[in-house]
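Please look at the structure below and follow the questions one at a time. Each answer sets a value against the definition behind a term.

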Amino acid sequence: MLIAVHVMPWTEPAAAFAVPYDYAGLENTRQEIARELNGEAAHRARDLGVSVSFVSEYGDVTHALSDIARTVHANLVVVGRSTKMLHHLAGSLSHRLTCRKDAPVVVVVP
C-alpha cells in the first residue's frame, strides 16, 4: 500500500511579526490544498492500479514523516530532492530523513 503524506507547518510568518492574520481563512486554504492533493493522489494511483491512503498532518515534516513511517512499519520512504539553494546550505528534508533510521529512504531527483 502507498501512503501519500502532506505536512503543513504550524507556524505562520505573520505570527512572527504580530501582523493581523485571517487564521480561519488560512485553515480553509490548508484544507482545500489537502483535498486537492488527496484527489490528485487518488487519481494517479487509480491510473497506476495501486491503492493509496492520504494523510495530512501539521508540524515538522521530518518528524511527521518519521512518525508515520514508524507507525505503519513502512518499508520505504520516498521524497523529492529540493531544488532550493537554501536547502542545500541549511540541510534539506531528504538529507534529514536519510540520517534517521526509521525506514530506508529514496530521494527522487527532478
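Q: Which element gives the largest share of the lining of the largest pocket?
A: That share, 6 residues, comes from β1, a strand being a DSSP run of E of at least two residues, just as a helix is a run of H or I of at least four, both numbered from the N terminus. This is a predicted model, in which local features need pLDDT of at least 70 and side-chain atom pairs count only at pLDDT 80 or more, while totals for chains, interfaces and linings use all residues. Residues are numbered from 1 along each chain as its sequence is written, and side-chain values use heavy atoms, with hydrogens and water left out.

Q: What makes a space a pocket or a cavity?
A: On a 1 Å grid over the protein atoms alone, a pocket is an open set of points with protein on both sides within 12 Å along at least five of seven lines, whereas a cavity is a set where a 1.4 Å probe fits but cannot get out; lining residues have an atom within 4 Å of a point. Points are joined across faces, edges and corners, and the volume is the space filled by probe spheres set on them. Counted in this way, the largest pocket holds about 880 Å³, and the second largest pocket about 160 Å³.

Q: Which residues lie nearest the centre of the largest pocket, and how many line it?
A: The lining has 32 residues, and Ile3, Val5, Leu65, Val77 and Val78 lie nearest the centre. By class there are 21 nonpolar, 9 polar and 2 charged residues, where Ala, Val, Leu, Ile, Met, Phe, Trp, Tyr, Cys and Pro count as nonpolar, Asp, Glu, Lys and Arg as charged, and the others, Gly among them, as polar.

Q: How many cavities of 30 Å³ or more are there?
A: The count comes to 1 cavity, with about 40 Å³ of space in the largest cavity. Its lining includes Leu65, Ser66 and Arg100, and the largest share, 3 residues, comes from α3.

Q: Why is the contact between Arg70 and Asp67 called a salt bridge?
A: A salt bridge is a side-chain nitrogen of Lys or Arg within 4 Å of a carboxyl oxygen of Asp or Glu. The closest N and O atoms of Arg70 and Asp67 are 2.4 Å apart, and the pair therefore meets the rule. Arg70 and Asp67 are 3 residues apart in helix α3 (residues 61–71), which means that about one helical turn separates them.

Q: Which other pairs form salt bridges, and where do they lie?
A: The count comes to 3 salt bridges. Glu32 and Arg35 meet at 2.8 Å, N to O, and both lie in helix α2 (residues 23–48), 3 residues apart. Arg44 and Glu40 meet at 2.6 Å, N to O, and they too lie in helix α2, 4 residues apart, about one turn of the helix.

Q: Why is Arg44 called exposed, and what is Glu40 called?
A: Buried means under 20% relative accessible area, exposed over 50%, and partly exposed in between (1.4 Å probe, protein chains only). Arg44 has a relative accessible area of 54% and so is exposed, whereas Glu40, at 37%, is partly exposed.
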